Amino acid sequence: MTRSDRLLKASILVVQAFRIANAAAVFLFVAALIATLPGAEWVEAALLRKYHHSVDPGAVIAFMQVTMLLSLPVGYAIERLLAALRAMLRTVQDGEPFVGTNAARLRTIGWMLLVVQFADLALGGVTAVAGMLHIEFLPWQPSFTGWIAVLIAFVLAQVFERGAALQADLDGTV
Amino acid sequence: MPVRVHLDDVLHARRMTLTELSERVDITLANLSILKTGKAKAIRFSTLEAICTALACQPGDILSFDQETL
């Protein structure tokens with residue numbers, strides 16, 4: 001097995017590990033969402049213990065639910081993105097990466113990165129709401145590298161499309 | 001396709017098999033079969049040169065253009 005083969009195999013394993021981690025995160029968010037559904041007095045009690053009466057528990061629970069709901073499209077986008085990446089790595093393993101389907105997969109990756117970026121913007125809004133509700137939340141900054149990644153994915157998809165057409169031409173060349 | 005490949009005829013005239021040609025020109029048997037059966041989309045000058053050298057022929061002996069099939 002060459003060094004490049006080993007690297008490829010390791011990359012597939014890393015992508016698979018990320019998929020498992022993503023699925024676990026989605027499961028946790030769904031579980032947390034169910035736990036905060038109406039009737040979960042223990043959440044209200046925990047909030048009152050932490051913030052005493054400086055916050056409205058009902059508003060904070062609604063805030064938490066919106067935040068957790070936001071994670072679902074991100075989880076879906078990341079799964080689609082990683083599945084496409086894994087399929088692309090498999091084509092490299094098979095020795096035929098310059099195919100039209102990989103251009104389509106790169107375009108899918110671009111769209112999914114865009115979903116993640118919009119969700120990130122929404123997270124910025126959520127952070128502002130958290131400030132208004134006087135509750136502790138994660139710090140947020142706009143991610144410019146993420147927008148550049150979206151652009152790169154779409155540009156690479158076009159390059160791949162051209163590469164796949166050239167490869168198709170070469171396939172019939174003797 | 002209007003461009004016809006006559007590799008079979010030239011090989012027959014030279015009493016040479018495709019496998020022998022494949023060994024002489026260092027092109028896989030699979031690729032030579034694609035060329036022989038007219039399934040190739042394009043042919044490299046280097047391939048043509050190697051085949052012409054091995055078979056002592058001209059490119060025109062291997063390829064012809066048939067306007068009627070256009």
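Predicted model: local features only at pLDDT ≥ 70, side-chain atom pairs only at ≥ 80, totals over all residues.

Q: Where in chain B is the place of B:Asp26?
A: Phi of B:Asp26 is positive, near 60°, and the residue is not a glycine. As for its place, B:Asp26 is in the loop between H2 and helix H3 (29-36) of chain B.

Q: At roughly what angle do the axes of helix H2 and helix H4 of chain B cross?
A: Two packed helices are described by the distance between their axes and the angle between them. Here the pair is H2 (residues 18-25) and H4 (residues 45-55) of chain B, with axes that come within 10 Å. H2(B) passes H4(B) in a right-handed crossing. The axes cross at roughly 115°.

Q: Which residues in H4(B) do B:Leu21, B:Arg24 and B:Val25 meet?
A: The three named residues are in H2(B). By class, the contact of H2(B) with H4(B) has 5 nonpolar residues, 1 charged residue and no polar ones. On the H4(B) side, the partners are B:Ala50, B:Ile51 and B:Ala54.

Q: What pattern does chain B follow along the sequence?
A: Chain B comes to 5 helices and 2 strands. Read along the sequence, the pattern is β-α-α-α-α-α-β.

Q: Why is chain B as compact as a globular protein of its length?
A: The globule rule gives 11 Å for 70 residues. The C-alpha atoms of chain B fill a box of roughly 35 × 20 × 20 Å along the principal axes. Chain B is as compact as a globular protein of that length because its radius of gyration, close to the rule, is 11 Å.

Q: What part of the residues of chain B count as buried?
A: Take the contacts in chain B between residues at least 6 apart in sequence: 62% join residues at least 24 apart. Burial is a separate count, over the 70 residues of chain B. The buried part is 13%.

Q: Which UniProt annotation covers residues 13-62 of chain B?
A: The span is 66% helix and 0% strand, and its end C-alpha atoms lie 12 Å apart. The UniProt record is an unreviewed entry. Its annotation for these residues reads "domain: HTH cro/C1-type".

Q: What radius of gyration does chain A have?
A: Chain A has 5 helices and 0 strands, running α-α-α-α-α from the N terminus on. Its C-alpha atoms fill a box of roughly 80 × 30 × 25 Å along the principal axes. A compact globule of 174 residues would have a radius of gyration near 16 Å, but chain A has 22 Å.

Q: Which residues of chain A does UniProt list for "transmembrane region"?
A: Two of the listed spans can be checked by geometry. Residues 57-78 of chain A are 100% helix, with end C-alpha atoms 32 Å apart. Residues 111-132 of chain A are also 100% helix, with ends 32 Å apart. The unreviewed UniProt entry lists residues 12-37, 57-78, 111-132 and 144-160.

Q: Where does A:His134 lie?
A: A:His134 has a positive phi of about 60° although it is not a glycine. With 11 other C-beta atoms within 10 Å, A:His134 is exposed. The residue lies in the loop between helix H4 (100-132) and H5 of chain A.

Q: What distance separates the C-alpha atoms of A:Gln167 and A:Gly100?
A: A:Gln167 is in helix H5 of chain A. With 15 other C-beta atoms within 10 Å, A:Gln167 is partly exposed. A:Gln167 and A:Gly100 are 67 residues apart along the chain, yet the separation of their C-alpha atoms is 9.7 Å.

Q: How far apart in space are A:Leu170 and A:Thr108?
A: A:Leu170 lies in helix H5 (residues 144-171) of chain A. A:Leu170 has 11 C-beta neighbours inside 10 Å, so the residue counts as exposed. A:Leu170 and A:Thr108 are 62 residues apart in sequence; C-alpha to C-alpha, the distance is 26 Å.

Q: How many residues of chain B are in contact with chain A?
A: The side of chain A that touches chain B has 1 nonpolar, 2 polar and 1 charged residues. That makes 4 residues of chain A, and in chain B the number in contact with them is 9.

Key
Residues numbered from 1 in each chain as written. Chains lettered and ligands numbered in written order. UniProt positions renumbered as here; feature names shortened; annotations may be inferred. Helix = DSSP H or I, 4+ residues; strand = E, 2+ residues; numbered from the N terminus. Contact = placed C-beta atoms within 7 Å. Nonpolar A, V, L, I, M, F, W, Y, C, P; charged D, E, K, R; others polar. Axes fitted to C-alpha atoms, helices over the stretch in contact; angles between N-to-C directions. Left-handed = near helix turned anticlockwise from the far one by under 90°. Rg over C-alpha atoms; globule rule 2.2 N^0.38 Å. Buried ≥ 20, exposed ≤ 12 C-beta atoms within 10 Å, placed from the backbone.
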